[in-house]
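Colleague: I've got a structure open on my screen and I'd like to learn how to read it. Could you walk me through it, one feature at a time?

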Amino acid sequence: EVVEQAAAVVQVKAEEKGLQLVVRVQPGVPRECVGDSSRLKRVLLNLLSNGVKFTDQGSVCITCGVDENPQSFTVEVADTGIGLSAAGLQRLFQPFSQADSSITRRYGGTGLGLVISQRLMH
């Protein structure tokens, strides 16, 4: 349910940009889990919003899958956006950092979303 709620929030922006937003929940993913749903939703919103923000055409897809541990599940967000260089990937979870300064000028943002998301999940 949290996945669908997060996707619904970014759906309008995705449609405005002509993007397809795809939600996939693989068989076997539990419908209910124990945990902080508001933190999970915040992280999912950040990942999906970034996907929509950095994608000009194509799609953003969130997939929930089963994990080796029956008490957990996996979440992947993939998009057809601008991508990252190897150097940009190294800075991905650094506070106030983005792939390069042209990204900040073109797309805006503080470079804190992924850092906060990472900390919420640990």
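Predicted model: local features only at pLDDT ≥ 70, side-chain atom pairs only at ≥ 80, totals over all residues.

Colleague: What pattern does the protein follow along the sequence?

Modeller: Read along the sequence, the pattern is α-β-α-β-β-α-α-α.

Colleague: Okay, now the strands. In which sense do strand 1 and strand 2 pair?

Modeller: Strand 1, residues 20-25, pairs with strand 2, residues 59-66, in the parallel sense, over 6 bridges.

Colleague: How many bridges join strand 2 to strand 3?

Modeller: There are 7, and those two strands run antiparallel. Strand 3 is residues 73-79. Together, strand 2 and strand 3 form a hairpin, with 6 residues between them.

Colleague: Which residue in strand 3 stands opposite Cys-61?

Modeller: That's Ala-78. Another pair to click on is Cys-64 with Val-75, its bridge partner in strand 3.

Colleague: Why is strand 2 described as largely enclosed by the rest of the structure?

Modeller: Because 6 of its 8 residues are buried. Buried here means under 20% relative accessible area. For the protein as a whole, buried residues make up 30% of the 122 residues.

Colleague: What about loops? Is Pro-27 buried or exposed?

Modeller: Pro-27 is exposed, because its relative accessible area is 75% and the cut-off for exposed is over 50%. Pro-27 sits in the loop between strand 1 and helix 2. Its C-alpha atom is 7.6 Å from that of Gly-65, although the two are 38 residues apart along the chain.

Colleague: Where does Arg-31 lie?

Modeller: Arg-31 is in the loop between strand 1 and helix 2, and Arg-31 is exposed too, with a relative accessible area of 61%. Leaving out residues up to four places away in sequence, Arg-31 touches Glu-1 and Glu-4. Arg-31 and Glu-1 are 30 residues apart in sequence, yet 7.4 Å apart in space, C-alpha to C-alpha.

Colleague: How do you find pockets?

Modeller: The general idea is that rolling a probe the size of a water molecule over the atoms shows where empty space is left. In this model, the second largest pocket has a volume of about 480 Å³. Of the 20 residues that line it, Val-2, Cys-33, Ser-37, Leu-40 and Phe-73 are the closest to its centre.

Colleague: Which helices each supply at least two residues of that lining?

Modeller: Helix 1 (2-16), helix 2 and helix 5 (113-121). By type, the lining of the second largest pocket divides into 12 nonpolar, 2 polar and 6 charged residues.

How values were computed: Residues numbered from 1 in each chain as written. Heavy atoms only, no water. Pairing = 2+ DSSP bridges. Helix = DSSP H or I, 4+ residues; strand = E, 2+ residues; numbered from the N terminus. 1 Å grid on protein atoms, 1.4 Å probe; cavity = no way out; pocket = protein on both sides within 12 Å on 5 of 7 lines; lining within 4 Å. Points joined across faces, edges and corners; volume = space filled by probe spheres on them. Nonpolar A, V, L, I, M, F, W, Y, C, P; charged D, E, K, R; others polar. Buried < 20%, exposed > 50% of the residue type's maximum accessible area, 1.4 Å probe, protein only. Contact = heavy atoms within 4.5 Å.
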